[in-house]
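Subject: Structure handover

Hello,

I am passing a structure on to you, and I would be glad if you opened it beside this message and followed the points below one by one.

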Amino acid sequence: MPKYNAFVPLRASTIEILPNAQWKQNGITLTEQYLLVNGTNNTNGIFAPMGVFVDDEQTVYVTDPNNGQVMKFVLGATSGQIVAGGNGKGIGAHQLNGPSDVIVDKETNSLIICDNSNKRVVRWPRVNGIRGETIISNVSCHGLTMDESGSLYVVGYDTAEVRLYRKGESQGSIVAGGNGRGNRLDQLDWPQYIFVDRDRSIYVSEWYNHRVTKWVEGAKQGIVVAGGNGQGNSLKQFAGPEGVLVDQSGGVYVADGFNGRVVRWAKGATQGTIIAGGNGQGTSSNQVSHPYGIAFDRYGNLYVVDQWNHRVQKFSIA
C-alpha cells in the first residue's frame, strides 16, 4: 500500500520503536507551573492540562481547559505562549471553553481543537490566529485525530462513540461504539482518547471499562488490546486510562491515569510494562501524577501530560 509509506499517524514516531526500547526514567519538565511562588497566576504556564501534540519541529501544543486556551512551547524555550483562546471562557469565535485535545493540520497550517464545553470542533490558524472557525457543531468531543486523507475522528465521551467526519461532512458516521454505554465489545464506556494507524484501525481508551479496544476499519465491534481486567494496579489492569499511542509493531502505549504511569502492551501481550512513572504520586522527575494526553515526537521521545502537577514531562528514548 504505497500511499501509506510517507504518512506517519498523528502522535506516532517517525523512527521504528523496537520492542525492547526503553526511556530515561527521569523526565524533563517542558512547562512552568501555573502558580508562582507568591500564589499568583503565571500566564506562561498551564493548569490541569489535558491534550498534547508534538509537531515535526518538536514544538509542543497543550490544551489548558481551565483557562480556555491552547499553549505552545517551542523547543528550548523557557516559557510558553497562547496560540488559541486566552480571551476568557466563552462561546465567541475568539474564545474556547474547556479545550480537551489539539492536533496540527499541516495541509492548512492550522490547529484543530476539541472545544469540549462548547461542544464544537474548531480550526484555528497556527500563526497569528485571533479567532477560530467552527468546523463541527453540536458534537461531544473529548479526543480527536486525523488520518492521511484529512478525515477527522472525534471521540464522544458522553455519547460512547467515535465519529468519522470526512472533508466537508457535518454529521459524520459512527465508526466505533454507538450502542450505548457498556462493556460489550460493540460498546464503549466513557471513551477518552484515540489513535488511528496507517490501516485506519481505531484504538480507543475507555475510562470506565479500564481498557483499550481496537476497531479495524469497518468492524462492528472492537478487540481488547490492553487492559480489560477490571480496575486495579496490577500490570494486567488500568485505573482510568487516558491517552493512547501505537507503534509500528502494534505495541500499545497507555496513560494509566490513577496509577500514575505510562504502560506499554506489546502486540498480543496479556500484561503491560511500565515505561514512565510508576513511582507513586509526586512531583519528582521520575513521577507523574495522573498522566493524561501522551504523544511521541518524530524521534521516539515520549511526552506526557502530568495533569495534577500542571506540567508536561518529556521522557527521552534511551
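This is a predicted model: local features need pLDDT of at least 70, side-chain atom pairs count only at pLDDT 80 or more; totals for chains, interfaces and linings use all residues.

I would begin with the interior. In soluble globular proteins, nonpolar side chains tend to be buried together. In this structure the largest nonpolar core has 27 residues, and the members that touch the most others are Trp23, Tyr253, Ile294 and Leu302. At least two residues of this core come from each of strands E18 (241–246), E19 (252–256), E20 (261–265), E21 (273–277), E22 (291–296) and E23 (302–306), and E19 gives the most, namely four. If you select Trp23 and leave aside its neighbours within four places in sequence, you will find it in contact with, among others, Ile17, Tyr253, Arg264, Ile275, Phe296 and Leu302, as well as with Phe315, Ser316, Ile317 and Ala318. Another core lies apart from this one; it has 26 residues, including Leu111, Ile112, Cys114 and Val121.

Which cysteines form the disulfide? The structure holds one disulfide, and it is formed by Cys114 and Cys141, whose sulfur atoms are 1.8 Å apart. The two partners are 27 residues apart and link distant parts of the chain, since Cys114 belongs to strand E7 (residues 110–115) and Cys141 to the loop between strand E9 (133–137) and strand E10 (144–146). Both Cys114 and Cys141 are buried. As a reminder, a disulfide is a covalent bond between the sulfur atoms of two cysteines.

E7 also takes part in an open sheet of four strands, which has the order E6-E7-E8-E9 and antiparallel pairing. Strand E6 (99–105) and E9 stand at the edges with a single partner strand each, so one side of each is left without a neighbour in the sheet. On average, neighbouring strands of this sheet are turned by 25° against each other, if direction is ignored. E6 and E7 run antiparallel and are joined by six bridges, and Pro99 stands opposite Asp115 in E7.

Finally, there are two backbone details to check. Most residues other than glycine have a negative phi, and most peptide bonds are trans. Asn109, which is not a glycine, has a positive phi near 50°, and it lies in the loop between E6 and E7. Ala160 likewise is not a glycine and has a positive phi of about 55°; its place is in the loop between strand E11 (152–156) and strand E12 (161–165). Are these two residues buried or exposed, or something in between? Asn109 is partly exposed, with a relative accessible area of 35%, whereas Ala160 is buried, with a relative accessible area of 1%.

Best wishes

How values were computed: Residues are numbered from 1 along each chain as its sequence is written. Side-chain values use heavy atoms; hydrogens and water are left out. A nonpolar core is a set of buried Ala, Val, Leu, Ile, Met, Phe, Trp, Tyr and Cys residues joined through side-chain atoms within 4.5 Å. Buried means under 20% relative accessible area, exposed over 50%, partly exposed in between (1.4 Å probe, protein chains only). Contact means heavy atoms within 4.5 Å. A disulfide is a pair of cysteine sulfur atoms within 2.5 Å. Two strands pair if DSSP finds at least two bridges between them. Axes are lines fitted to C-alpha atoms, for helices over the stretch in contact, and angles run from 0 to 180 degrees between N-to-C directions.
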